[in-house]
Amino acid sequence: MLYRENGQFKTRYGDDQQIFPILQDRWLVMALIAFAFIGVPMLASEYMFRAILIPFVILSLAALGLNLLVGYCGQISLGSGAFMAVGAYIAYNAYTRVPGMPVVGAFLIGGGAALLVGIVFGIPSLRIRGLYLAVATLAAQFFCDWVFARVAWFTNYSASGSVSVPTLTVAGVSLDTPQSKYLFCLTIVTVMALAAKNIVRGHVGRSWMAIRDMDVAATVIGIRPVTAKLSAFAVSSFVIGVAGAMWAFVHLGSWEPLAFDVNRSLNLLFMIIIGGMGSIMGSFFGAAFIVVLPILLNQVPAWLGVPISTAMASHLEFMIFGALIVFFLIVEPHGLARLWSIGKEKLRLWPFPH
Amino acid sequence: MSNRKIGEVILDLRNISLAFGGVKALTDISFDVREHEIRAIIGPNGAGKSSMLNVISGVYTPQQGEIIYRGEHHTHTDPHAMAAHGVARTFQSLALFKGMSLLDNIMTGRTLKMRTNILQQAFWKGPAEREEIMHREFCERIIDFLQIQPYRKTPVGRLPYGLQKRVDLGRALAMEPSLLLLDEPMAGMNVEEKQDMSRFVLDVNDEFGTTIVLIEHDMGVVMDISDRVVVLDYGKKIGDGTPDNVRSNQDVINAYLGVAH
Amino acid sequence: MGFFLEVVLGGLMAGVLYSLVALGFVLIFKASGVFNFAQGAMVLFAALAMARLAEWLPELLGFESLLLANLLAFVLAALIMVVVAQGIERLVLRPLVNQEGVTLLMATLGVTYFLDGFGQTIWGSDVYKIDLGLSKDPLLVLGDLFEGGILLNRDDIAAALIAVALVVVLAIFFQKSATGRALLAVADDHQASQSIGIPLNRIWVIVWAVAGFTALVAGMVWGSKLGVQFSLAILALKALPVVIVGGFTSVPGAIIGGLLIGLGEKLAEVYLGPIIGGGLENWFAYGLALAVLLVRPQGLFGERIIDRV
């Protein structure tokens, strides 16, 4: 009863095409954004920033990037970790080698490099699909692992193979508190999520979805598979690259190639499966889930008085992840996002049963 | 029958042969299509009718023969080129985009006409939004024409079969085609639905002058609405002419129509 | 020359190990069109089971013979693997039976994670040994032809022999037994086989059981050579290129693909490595798979994939 569109008539197509056409949705999202930008920095502890909020924000962006490719355009990718690595390492080199390079500039360059690599590694998708494409993306992942470990230029000839960045300064403000880091990431992610949503509701997004759903029909309409697929790889890789740079610079501070290996790729894939493929909001749900679950697994047994070793917790984590993936694929392939919309549908009737 | 004055030859197919491995789908087929007419292709199942449409729309390339559309050779072409030249089609097995709403499906038909690039799209306000609204208006007119307004936001996978067929047609119409290829548009429909669809086909030809090539099994429909008919059997052409001519052609009767007892 | 031969033989031996894992993939894919990413995890689970059972049984039942321990452990582990394989087929694959390949791939990814955690929970997460009782002294052969002779590991020879034995057993099973022939029919055409009365579900149950058994053999061989550690699960990632190169639906393809990749890896590492930089082994297999994918997507021996509109 609360959640109804009664009286909300749209008289112009522009109004109908808004991101959140229903008034209640818009209020909710505005409230959430206000809370995220104002409320959270006032309430959250340093631990929460470091362990939950900042990883959640950055990984949501990475998951969103992957979702553009896998969920909207239907091209499977098991190599997203490699794109994060490209973003991180190229951003690192831009930042340390070019005097006066601003942080955001380095991020954009990192994203740009990831975009180019993404296009190259998207070329196999023009000839192969499904399983076979998954193999090609794994090839990309392992190749990039090797490049960043072996080619010393990327790590600035560091002896240990790992690199680090000092405390960042953005527009004169030093990012030395968790709040400042969080707000910085949140701003970037909000802007990019909005841009992604815009792309997805326009003709580019529609051509991606057309290729995903039935590519022969798409070609007959005049959609070029080459353009659609490579643009999906390009935009997706750019977003993932920026997320990778953010992950390295803001969250990790110092890192080595292993931070972006195939486990990270699978991690991102799980986020979008659980969160909902083909849904921007789903990327956030999935990221939240995957970030929070290990922490819960570590804390809850202790609360319940049944302490378990960290090794055991890690095994449990794997088991629960695996079981949940299977569960979601069987029961709700559209993930938490679909459960959310079903919930909203029910809310329209509440408190009446039907 | 078309109310329009039938024009010159717009599509000329000469000696088209198509084979898949050892299987010959089409053997030495030649016929033409004139502007503004409604041309039917009929024949038993497996005769090669869908393959013929696939050849015309550029999905298959024939091993032999020529396709001349509006005076230009298009034999070695791809679907994108044919779409850009104004050829649109529907599919026998409804190739709709199941993950999108009805409105979005029809909007995909406008893709070739949409010019804004990704960066403009990302920003949305300004050229991208204006273009989107402009094409939305066009698609809404098609939706009105096909009388499917209440379902515009429904995911097409949830619509009944008859409505899905209309969406398929709507998507093709959104391309503003000069040549429209319909692959069994009335398959699986009851009498009323067939009447509706026949009316739509005739209206499209009438209002927009679109040349129509359609594959159809219902002889009543074929005789009623088409100007000329091509008959295929086992990949070969066995009849070509007006509906009356074809109806009395002995080869066609033997292969397909059967004899009245 | 002797060194070259050693590298070649070493590569071929490694290839045999890959082939063993790839066999499991091919079996399942042939019969059900499912790509079982979890095959690697199954190999690990099986190896863990056998290693630990071989340890526990002598203590439990109070005997000393290594041979008996290994035998009993093998049989028990085989039974366990059959149950595990059934479980996967029943709980995961059957509910998803009509989904696209990618969904199934992701489901088997989930199974991989689950088996990984589950296996380590039950059997433990240290490195364990599978001791087949082979002496660790390498064999020196052909000492007359080549100076110093060629070094061969007994483990590797045993592995090659076991692989050959497994392939022969499978071949006989497929050609001679009614169940085997039914399996081939199902692999060819699901609907046609159903229409002549082959019970699809039962066939899949059998196929998965066989794949579980194959996983055990592979696990035993790998575990004896490398020790049973969780990196065995990464095997799936190594065997995937083998199946790409050999063809998803071909048993000889799995063998030859494995040998090719094992050989190629070693040769690349030894001869190209010093030029380009080490660690070539890590991605050589995938590079080769990618090249094959672009040139001949169905692999060397697979069936052509035709898309009908």
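## Definitions and model

Two strands are taken to pair if DSSP finds at least two bridges between them; strands (E, at least two residues) and helices (H or I, at least four residues) are DSSP runs, numbered from the N terminus. The structure is a predicted model, in which local features need pLDDT of at least 70 and side-chain atom pairs count only at pLDDT 80 or more, while totals for chains, interfaces and linings use all residues. Residues are numbered from 1 along each chain as its sequence is written, and chains are lettered from A and ligands numbered from 1 in the order in which they are written.

## The sheet of chain B

Chain B contains an open sheet of six strands with mixed pairing, in the order β6-β7-β8-β3-β9-β10. β6 (87-89) and β10 (236-241) of chain B are the edge strands; each has a single partner strand, so one side of each is left without a neighbour in the sheet. On average, neighbouring strands of this sheet are turned by 15 degrees against each other, direction ignored.

Within the sheet of chain B, β3 (residues 38-42) and β9 (residues 228-233) pair in the parallel sense over four bridges. B:Arg39 has B:Arg228 in β9(B) as its bridge partner.

## Helices on the sheet

Contact between two residues requires their C-beta atoms, placed from the backbone, to lie within 7 Å. Axes are lines fitted to C-alpha atoms, for helices over the stretch in contact, and angles run from 0 to 180 degrees between N-to-C directions.

Helix α1 (residues 49-56) of chain B packs on the sheet and touches β3, β6, β7 (179-183), β8 (211-215) and β9 of chain B. The direction of α1 makes about 150 degrees with that of β7(B). Helix α10 (residues 250-257) of chain B also packs on the sheet, touching β3, β9 and β10 of chain B, and its direction makes about 120 degrees with that of β10(B).

## Positive phi in two loops

B:Leu94, in the loop between β6 and α3 (102-108) of chain B, has a positive phi of about 45 degrees although it is not a glycine. With 18 other C-beta atoms within 10 Å, B:Leu94 is partly exposed (buried means 20 or more such atoms, exposed 12 or fewer, and partly exposed in between, with C-beta atoms placed from the backbone).

B:Trp124 is likewise not a glycine and has a positive phi of about 70 degrees. B:Trp124 lies in the loop between α4 (118-123) and α5 (127-146) of chain B and is buried, with 20 other C-beta atoms within 10 Å.
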